[in-house]
Amino acid sequence: MIAQKQILLLISLTGFSVASIVFSLLSGSVNITATELAQSIFASESSLNSQVLQEIRAPRTMAAFVTGGLLALSGAIMQVLLRNPLADPYILGISGGAAVGALSAILVGATGFWLSNAAFAGALFSIFLVFGIANKFSNWSVTRLLLTGVVVSAGWGAVINILLTTSSTNNVQSMLFWLMGDLSQSSVNPAHYLLLFVGLVGGIAVSRSLNVLIRGELLAVSLGVNVQSLRLLLFFSASVFTATAVTIAGSVGFVGLIIPHMLRLVGARDHRILIPSCVLLGGSFLVLADSLARTLIAPQQLPVGVVTAVIGVPAFILILRSTIRK
Amino acid sequence: MAILTIQSLNLQIENKVLCRNLSVQIGENQRWGLLGKNGAGKTTLLHALIGQRHASQGSIKLDGKSISDLKQRELASKVGILFQQGIEALPATVFETVMLGRHPHTQSLLWDDHKDIEIAESALAAFDLDKLKERPVDTLSGGELQRLALAMLLAQTPQLFLLDEPNNHLDVAFQVKLLSILTNKVTETSASLIMATHDINLAFRFCENIILLLAGGESLVGRSVDVLTEENLSQAYGCPIKSVSSGDHRLFYPA
């Protein structure tokens with residue numbers, strides 16, 4: 001049942017998202033005040049500061065939000081699909097495939113457009129590889145899918161290590177940034193927003209079925225869920241969300257694993273609430289992490305993936321402790 | 001009118017034949033016991049009735065329509081099952097869990113209908129769980145979990161109740177209570193039920209009709225008084241079973 005408390009959670013997460021975006025827009029090496037921010041949004045004046053906002057900070061902030069939202073959404077779906085609390089967006093090897101694509105691109109000196117496309121192609125290849133190996137339509141077992149994904153993942157890991165150990169020092173630096181997740185080169189286009197929106201709406205549309213599926217396959221069938229087609233839908237949608245997220249920002253760790261868990265721990269177990277909450281908290285969490293990544297040791301930048309772990313681990317442990325005490 | 005019609009059904013797992021040429025007609029307001037020794041195919045037969053086992057031959061019809069032609073959701077709105085292993089103790093509240101029983105009937109994508117909430121609440125009350133409504137499921141005892149699974153089945157309001165060893169984890173008082181709740185429900189809604197059990201005495205007392213699965217896929221179908229005899233049961237279980245009678249009652253025990 002959707003209680004008032006859960007509606008309240010959604011409202012506060014929406015507020016938190018807006019606050020994190022404003023915080024991100026205001027932080028950086030150029031000092032911009034809230035008044036200037038408002039001016040640059042509502043007035044069409046083209047000062048240096050509004051240029052910084054519109055051309056540098058806003059695209060990066062929105063890239064962080066979309067990436068975080070997609071990752072948390074994908075993580076929540078994978079956890080239902082695999083019925084495993086350790087499942088995250090990368091567990092089926094999608095990020096490994098993307099990494100091999102991206103690192104190969106870096107190796108041959110590609111940047112920007114080609115780097116992204118190589119990553120996306122690697123991710124897609126990995127999705128179909130895992131699906132092809134795991135799939136027997138008549139008997140599409142979750143264990144089989146999970147094992148295939150983990151093994152394919154390990155395979156990609158080996159290729160990544162080969163690429164890292166045989167590359168020049170210069171390349172290794174950018175490869176490591178990519179692997180840890182980095183938003184400094186990121187931008188989003190309308191297709192990314194659209195995907196996040198479709199994921200949000202589609203996720204809410206199947207959320208009742210997710211509530212049943214997480215209780216077990218047989219029970220879900222007996223309650224009228226078409227498990228086979230729902231699983232296919234979940235596998236491919238979560239895969240595309242992950243592939244898109246790693247294409248934007250590299251493999252940012254942690255968001256997809258812990259955001260859904262955090263939300264469940266504070267009571268958002270019903271997917272009708274969990275799905276939109278994941279998008280909001282995943283997005284704002286990554287926005288905040290990225291603001292810190294670019295300001296903590298400025299002018300140097302940290303990979304955002306490092307920051308997500310540094311804030312995420314203690315935050316998660318705190319929530320876990322407080323819910324155990326109850 | 002027949003709710004369920006099973007016609008010349010053959011079921012097998014790998015090479016083992018569990019059912020051969022089974023034909024049963026189950027009408028409104030009937031209670032059927034499903035007996036047979038371990039591995040005889042009781043669970044497999046129940047799973048076939050919710051479309052989870054494909055028959056190698058024969059047909060299963062619900063209200064005259066073959067169940068393979070029904071959408072999963074349509075089937076679930078008419079046939080409900082209590083699984084042998086009950087439900088898993090996941091971190092969710094009792095009420096959230098019992099509401100899942102309404103899944104095949106829910107209309108709205110987001111909001112819970114008042115009618116659904118009422119049905120779920122009265123199902124909880126029927127099994128004395130109304131006071132535990134907000135309790136996390138993973139803090140319940142085995143018996144409470146089983147009662148919750150039964151409440152969920154009740155909330156599903158099926159026409160055909162399938163029960164796979166419903167007495168698991170239940171104390172004697174609740175075993176009797178369970179049967180009277182189910183009897184009332186079946187009468188009230190002109191439904192019917194099939195209960196797989198190892199308790200021959202309970203089956204005799206509670207079910208007017210019996211499907212007794214024998215070795216090699218053969219089966220006996222008929223009224224309890226006719227099917228539940230020393231001879232048939234001894235053959236089915238492969239061990240001598242005796243009975244004592246007093247009036248209409250019959251008590252079975254292994255000799």
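A residue is called buried if 20 or more other C-beta atoms lie within 10 Å of its own, exposed if 12 or fewer do, and partly exposed in between, with C-beta atoms placed from the backbone. By that rule, Arg83(A) is partly exposed because 18 C-beta neighbours lie inside 10 Å. Arg83(A) is found in the loop between α3 and α4 of chain A, and its phi is near 45°, a positive value in a residue other than glycine.

Good morning, colleagues. The structure before you is a predicted model, in which local features need pLDDT of at least 70 and side-chain atom pairs count only at pLDDT 80 or more, while totals for chains, interfaces and linings use all residues. Residues are numbered from 1 along each chain as its sequence is written, and chains are lettered from A and ligands numbered from 1 in the order in which they are written. Helices (H or I, at least four residues) and strands (E, at least two) are DSSP runs, numbered from the N terminus.

Ala3(A) is placed in the segment before α1. It counts as exposed, because it has 11 C-beta neighbours inside 10 Å. In sequence, 270 residues separate Ala3(A) from Ile273(A), yet their C-alpha atoms are 10.0 Å apart in space.

Next comes helix α1(A), residues 4-26. The expected span of a helix is 1.5 Å times one less than its number of residues. Just after the helix, Gly28(A) takes a positive phi of about 155°.

In general, a pair of packed helices is described by the angle and the distance between their axes. Here, axes are lines fitted to C-alpha atoms, for helices over the stretch in contact, and angles run from 0 to 180 degrees between N-to-C directions. The axes of α3(A) and α13(A) come within 7 Å and cross at roughly 140°. The two helices are therefore oblique to each other; angles under 35 degrees count as roughly parallel, over 145 as roughly antiparallel, 65 to 115 as roughly perpendicular and the rest as oblique. Their crossing is right-handed, a term used if the near helix is turned clockwise from the far one by less than a right angle, left-handed being the anticlockwise case.

Which residues make this contact? Two residues are in contact if their C-beta atoms, placed from the backbone, lie within 7 Å. Among those from α3(A) are Arg60(A), Phe65(A) and Leu73(A), and among those from α13(A) are Leu274(A), Phe285(A) and Asp290(A). The residues of this contact divide into 15 nonpolar, 6 polar and 2 charged. In these classes, Ala, Val, Leu, Ile, Met, Phe, Trp, Tyr, Cys and Pro count as nonpolar, Asp, Glu, Lys and Arg as charged, and the others, Gly among them, as polar.

I turn to Leu196(A), which is placed in helix α8, residues 190-205 of chain A. Is Leu196(A) buried or exposed? It counts as buried because it has 24 C-beta neighbours inside 10 Å. Leaving aside neighbours within four places in sequence, Leu196(A) is in contact with Val66(A), Gly69(A), Leu70(A) and Val279(A). From Leu70(A), Leu196(A) is 126 residues away in sequence and 6.2 Å away in space, C-alpha to C-alpha.

Helix α5(A), residues 112-134, has 23 residues and reaches 33 Å from its first C-alpha to its last, close to the expected 33 Å. Its buried residues include Leu115(A), Phe120(A), Ile127(A) and Val130(A). Covering the buried residues of α5(A) are elements including α4 (94-107), α6 (142-166) and α11 (227-249) of chain A.

Of these, α4(A) and α11(A) have axes that come within 9 Å and cross at roughly 35°, in a right-handed crossing. Ile94(A), Ser95(A) and Ala98(A) of α4(A) meet Ser239(A), Thr242(A), Ala243(A), Val246(A) and Thr247(A) of α11(A). By class, that contact has 4 nonpolar, 4 polar and no charged residues.

Finally, chain B. It places 25 residues in contact with 19 residues of chain A. On the chain B side, the elements giving two or more residues are α2 (72-78) and α3 (94-99), and α2(B) gives the most, with 5 residues.
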